[in-house]
Amino acid sequence: MEMYPIILILIQFLKDVYNVFDSRDIGALDMLIHTYSESDVDALAQYVKGLSDDYEAVKNSLIYGEISNGPMEGVNSRIKAIHRRSSGRAGIFLLNAYMVLPG
């Protein structure tokens, strides 16, 4: 630790970030942004700047954590996999068969 003092800073930063996302506390998010926005570690300051640039999205993800776009992403992934499997060579009929048949 004496040789690399940045490790202590990184450990504390990770604890603070986990606290924000585990507690889903907007006040903790504001405190995280305020604390690390002027950090000497450029990567931490840049990360926090990204959080503040997307503040509304981050805040909404904390407030509405139970809402997920996972089901829609699953549908998109299935469509892309079917498209790759058909390689565009068989046209709409094979694509339709892939969509109708399970698996």
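1. At what angle do the axes of α2 and helix α4 cross, and within what distance do they come? In this predicted model, the axes of α2 and α4, the latter spanning residues 55–63, come within 10 Å of each other and cross at roughly 145°. The crossing of this pair, α2 with α4, is right-handed. On the α2 side the contact is made by I26, L29, D30 and I33, while α4 contributes Y55, V58, K59, L62 and I63. Sorted by class, the contact of α2 with α4 holds seven nonpolar residues and two charged ones, with no polar residue taking part.

2. The largest nonpolar core of the model has 14 residues, and the members with the most contacts inside this core are F13, V20, L29, L32, Y36 and L51. Two or more residues are given to the core by each of α1 (6–23), α2, α3 and α4. The largest share, which amounts to five residues, comes from α2.

3. L51 deserves a separate remark, as one of the residues with the most contacts inside that core. When residues up to four places away in sequence are not counted, L51 touches L29, L32, I33 and V58. Of these partners, L29 and I33 also belong to the α2 side of the contact with α4, and V58 belongs to the α4 side.

4. S39 is found in the loop between α2, residues 26–36, and α3, residues 42–53. With a relative accessible area of 17%, S39 counts as buried, because the cut-off for that class is under 20%. The side chain of S39 reaches the backbone nitrogen of V41 at 3.1 Å. Leaving out residues up to four places away in sequence, S39 touches L44 and A45.

5. The phi angle of R24 is near 55°, which is a positive value in a residue other than glycine. R24 is partly exposed, with a relative accessible area of 42%.

6. K15 lies in helix α1 and counts as exposed at 52% relative accessibility. K80 lies in helix α5, residues 70–86, and is likewise exposed, with a relative accessible area of 52%. As for C-alpha separations, K15 and P71 are 56 residues apart along the chain and their C-alpha atoms are separated by 30 Å, whereas K80 and N60 are 20 residues apart along the chain and have their C-alpha atoms separated by 29 Å.

7. Where does L95 have its place? L95 is in helix α6, which covers residues 91–100. At 28% relative accessibility, L95 counts as partly exposed, since that class lies between the limits of 20% and 50%. The C-alpha atoms of L95 and H83, which are 12 residues apart along the chain, are separated by 7.3 Å.

Key. Residues numbered from 1 in each chain as written. Predicted model: local features only at pLDDT ≥ 70, side-chain atom pairs only at ≥ 80, totals over all residues. Heavy atoms only, no water. Helix = DSSP H or I, 4+ residues; strand = E, 2+ residues; numbered from the N terminus. Buried < 20%, exposed > 50% of the residue type's maximum accessible area, 1.4 Å probe, protein only. Polar contact = N/O pair within 3.5 Å; in protein donor to acceptor, adjacent residues only side chain to side chain. Contact = heavy atoms within 4.5 Å. Axes fitted to C-alpha atoms, helices over the stretch in contact; angles between N-to-C directions. Left-handed = near helix turned anticlockwise from the far one by under 90°. Nonpolar A, V, L, I, M, F, W, Y, C, P; charged D, E, K, R; others polar. Core = buried A, V, L, I, M, F, W, Y, C linked by side-chain atoms within 4.5 Å.
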